[in-house]
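Open the model in your viewer and keep the selection panel at hand. The stops below are meant to be taken in order.

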Amino acid sequence: MKANRPKRDVHPDLARERLKCNFNIEEVTNIIDGGKDKTLERKKIEDIALNNGACLDEIPDECLSIKERYENAIRKSCIYSNIVRNEMLEITGMENFESPVLRRTADAFFKDISPFMLHLGMFVPTLIGQSTPEQMAEWLPKALDMKIIGAYAQTELGHGTFIRGLETTATYDPDKEEFVLHSPTITSYKWWAGGLGKTANHCVVMAQLYTQGECHGTHLFIVQIRDLDTHMPLPGIKVGEIGPRMGFSSADNGFLGFNSFRIPRQNMLMKHAKVEKDGCYVKSAKHGKLTYGTMVFIRVTLVSEMSFNLSKAATIAIRYSAVRRQTELRPNEPEPQILDYPTQQHKLFICIATAHAFQLTSKWLWDTFQAVMADVRKGNVDALPELHALSSCLKAVSTSDALSHIEQCRFACGGHGYMLSSNLPFIYSFVAATRTYEGDYTVLLLQTARFLVKAWEQAESGNNVTPTVAYLNRTANTKRVVWDNTHEGIIQSFQAIAAGKIGQCVRSIRDRIKSGMDYEDAWLMTTVQLVAAAEAHCRAVLVNTYWNEMIRLTKSSSANVKTVMHQLAVLYLMYWALEKTGDLLKYSSVSKQDLDDLQRRYEELLAALRPNAVSLVDAFDLRDEILHSSLGSYDGCVYERLMEEAQKSPLNAEPVNPSFHKYIKPLMQGKL
Ligand SMILES: CCCCCCCC/C=C\CCCCC/C=C/C(=O)SCCNC(=O)CCNC(=O)[C@H](O)C(C)(C)COP(=O)(O)OP(=O)(O)OC[C@H]1O[C@@H](n2cnc3c(N)ncnc32)[C@H](O)[C@@H]1OP(=O)(O)O
Ligand SMILES: Cc1cc2nc3c(=O)[nH]c(=O)nc-3n(C[C@H](O)[C@H](O)[C@H](O)COP(=O)(O)OP(=O)(O)OC[C@H]3O[C@@H](n4cnc5c(N)ncnc54)[C@H](O)[C@@H]3O)c2cc1C
């Protein structure tokens with residue numbers, strides 16, 4: 001289905017905005033993409049995928065029934081996968097199947113989500129991270145070639161967070177050299193796995209491994225669940241879709257139960273532990289949590305995913321705000337563009353800055369992840385706890401911040417932001433899920449807190465700690481940092497806040513133990529503070545990383561690009577300093593006067609960024625096909641598009657709906 005879209009002139013307000021731009025947009029785009037060559041590669045891939053118009057829908061997805069929406073998503077997923085398989089992977093290289101460019105391009109096809117997303121997003125990474133070379137040789141080519149389609153089935157009805165509490169069992173039978181998968185209770189049913197309900201024919205299953213009468217904890221297994229020809233569930237498999245949810249409507253999230261279902265021994269993913277033919281269990285991993293590797297990988301990728309979603313929302317809201325005019329400032333003067341209101345700028349400019357902060361931090365995090373994984377491959381797992389702590393808090397804070405900023409973008413678009421055709425509700429509901437999946441916000445911050453408490457104790461006793469908590473060596477034994485309103489000063493204040501909060505947690509735990517509590521209860525009673533301390537640590541990491549990466553990446557930029565990138569980073573620092581004034585008063589020497597000065601400088605910075613606002617979102621270089629928004633397209637023809645989309649409502653297909661004659665008229669006539 002191809003839809004013809006009229007080409008329109010750019011709205012004069014947007015055209016005027018673009019004339020005000022004082023920096024080189026392409027340079028900024030290159031920085032976001034990670035270099036000029038990366039921008040060129042991205043554009044080339046986007047052209048291949050999008051120029052034939054295969055992704056356009058005549059009827060908007062939201063006007064379809066659940067079944068039609070799923071079927072349309074499958075149709076487009078197949079077209080898209082074929083393009084990825086035949087054309088895009090040739091450019092990125094097979095090893096870069098998870099390239100952000102592929103992910104970004106996919107959004108042009110799916111306003112919601114592709115049922116294949118979890119195949120490429122989790123099933124394939126699990127094969128890569130958890131298989132032996134022999135298993136990889138068997139499964140990976142089939143998976144990349146879409147000969148098999150997989151899901152990642154870990155969460156159960158009864159347990160998501162507490163992985164050790166999963167109930168599905170995999171019991172080894174040495175006589176037949178098979179594992180018997182079983183779901184002993186209703187709560188043991190797998191629940192939530194994307195693509196599992198109707199699409200996948202295989203899945204990775206996490207189950208408690210039993211062999212020689214002993215339980216060895218959770219392990220991963222690859223399981224064929226449907227016949228490759230008929231697609232019928234195999235005997236012993238109960239599988240289906242879990243029902244309507246807030247978003248992810250076309251992801252066919254599924255449930256799965258096993259009735260003594262047998263799989264060959266070789267289907268246990270044995271990179272980190274194996275079961276010999278005779279049932280003997282052999283563990284090779286140097287770290288007990290390496291089977292959780294796929295989750296760490298996804299948590300790392302989610303930071304860049306949040307930047308992408310935020311950049312979409314910011315582009316929509318800022319272009320709309322440049323076109324939308326509302327309220328007279330002075331009698332008989334034209335109504336201003338709503339982007340001229342400082343309150344609107346306060347809602348939106350932080351979204352641009354945060355998209356940059358997350359993008360630059362995500363690249364740094366990705367490099368850290370790669371370096372730690374290279375060490376792990378050599379048998380050195382020393383840096384794993386720090387990576388886990390870092391990826392956990394960055395996943396938690398980036399998803400949570402992105403969610404609230406995207407909601408601000410929707411508020412910034414008034415009533416029209418509530419329209420599905422604006423795409424903001426889709427972006428919001430997609431990102432809302434990220435705060436929960438791959439580890440809930442609170443749970444992951446508590447993981448980081450465990451690491452921080454240990455690090456604080458080390459620093460307190462004068463030992464050196466790992467790089468991301470090195471600030472503790474400076475601040476663990478200091479009471480209050482001296483306030484200094486430079487960027488260095490603000491970054492140090494965030495570190496002082498984090499150190500102060502972690503120290504306070506340690507003291508609370510110790511006091512509670514002194515008053516007779518055991519460690520577990522003392523920890524539990526302190527968890528509200530521990531979550532706040534982990535968040536503070538994450539903010540310290542974010543401001544420091546964003547600043548350093550911005551300086552590094554703009555070293556050879558033109559003067560005006562340096563200025564605008566610098567302004568965004570300062571805005572980010574000031575925004576969060578002003579959000580955390582209570583903490584600053586507690587952990588630094590900041591005065592009321594200093595905070596008033598900071599507020600004034602922040603407001604001046606909003607005004608300084610105002611002329612470049614539209615160009616800054618243009619620099620995200622998001623094609624209209626990817627934005628899917630009646631409010632955010634490049635030409636700014638907002639009202640025409642809103643009307644055009646309204647015409648597509650199925651309720652407008654006939655002038656009088658049959659319900660009038662059936663119900664309303666009888667009611668009016670007193671005949672009901
Ligand atoms: C075109 C397409 C291109 C593809 C591109 C892809 C883009 C992708 C973007 C989006 C798609 C993604 C869609 C995803 C959909 C969702 C999927 C899912 O949600 S899958 C399920 C995820 N589930 C979870 O995350 C569960 C959360 N729970 C946990 O992680 C753990 O249970 C726990 C809370 C961490 C606790 O675990 P456990 O009880 O076993 O451990 P503890 O006893 O508490 O801790 C013991 C020590 O181990 C440390 N630990 C824990 N985890 C790890 C780890 N992963 N690595 C290293 N260390 C770990 C823990 O800190 C303890 O340490 P000590 O304190 O004792 O030293
Ligand atoms: C859209 C979507 C897609 C998903 N896709 C997949 C998938 O493909 N595969 C898969 O396996 N799973 C998937 N999941 C499941 C997801 O990983 C879990 O929902 C998530 O890990 C949270 O677990 P839970 O639902 O058990 O929440 P719970 O753990 O029950 O959390 C409920 C509340 O309890 C709190 N809580 C829980 N434990 C603690 C604790 N120790 N301390 C303090 N507070 C606590 C949490 O903070 C939360 O507020 C998906 C979920 C969603 C929403």
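Predicted model: local features only at pLDDT ≥ 70, side-chain atom pairs only at ≥ 80, totals over all residues.

Which residues in α10 meet which residues in α12? From α10, select Pro385, His388, Ala389, Ser392, Cys393, Lys395, Ala396 and Ser400. Their partners in α12 are Tyr441, Leu444, Leu445, Gln447, Thr448 and Phe451. By type, the residues of this contact are eight nonpolar, five polar and one charged. Two packed helices are described by the angle between their axes and the distance between the axes. For α10 and α12 the angle is about 145 degrees, and the axes lie 8 Å apart. The crossing of α10 past α12 is left-handed.

**Stop 1: ligand 1.** Ligand 1 is surrounded by 34 residues, the closest being Gly121, Tyr292, His388, Tyr437 and Gly439. Elements giving two or more residues to this shell are α5 (100-109), α6 (117-130), α8 (293-323), α10 (384-412) and α12 (441-460). Colour the shell by residue type to see 17 nonpolar, ten polar and seven charged residues.

**Stop 2: α9.** Select residues 342-377, which form helix α9. With 36 residues at 1.5 Å a residue, α9 should span 52 Å; its end C-alpha atoms are 51 Å apart, which agrees. Next, pick Gly379, which follows α9 and has a positive phi, near 95 degrees.

**Stop 3: the annotated span.** Finish with residues 488-669, listed by UniProt in an unreviewed entry as "domain: Acyl-CoA oxidase C-terminal". The span is 76% helix and 0% strand, and its end C-alpha atoms lie 75 Å apart.

Conventions: Residues numbered from 1 in each chain as written. Chains lettered and ligands numbered in written order. UniProt positions renumbered as here; feature names shortened; annotations may be inferred. Helix = DSSP H or I, 4+ residues; strand = E, 2+ residues; numbered from the N terminus. Near = placed C-beta within 6 Å. Nonpolar A, V, L, I, M, F, W, Y, C, P; charged D, E, K, R; others polar. Axes fitted to C-alpha atoms, helices over the stretch in contact; angles between N-to-C directions. Left-handed = near helix turned anticlockwise from the far one by under 90°. Contact = placed C-beta atoms within 7 Å. Expected span 1.5 Å × (residues − 1).
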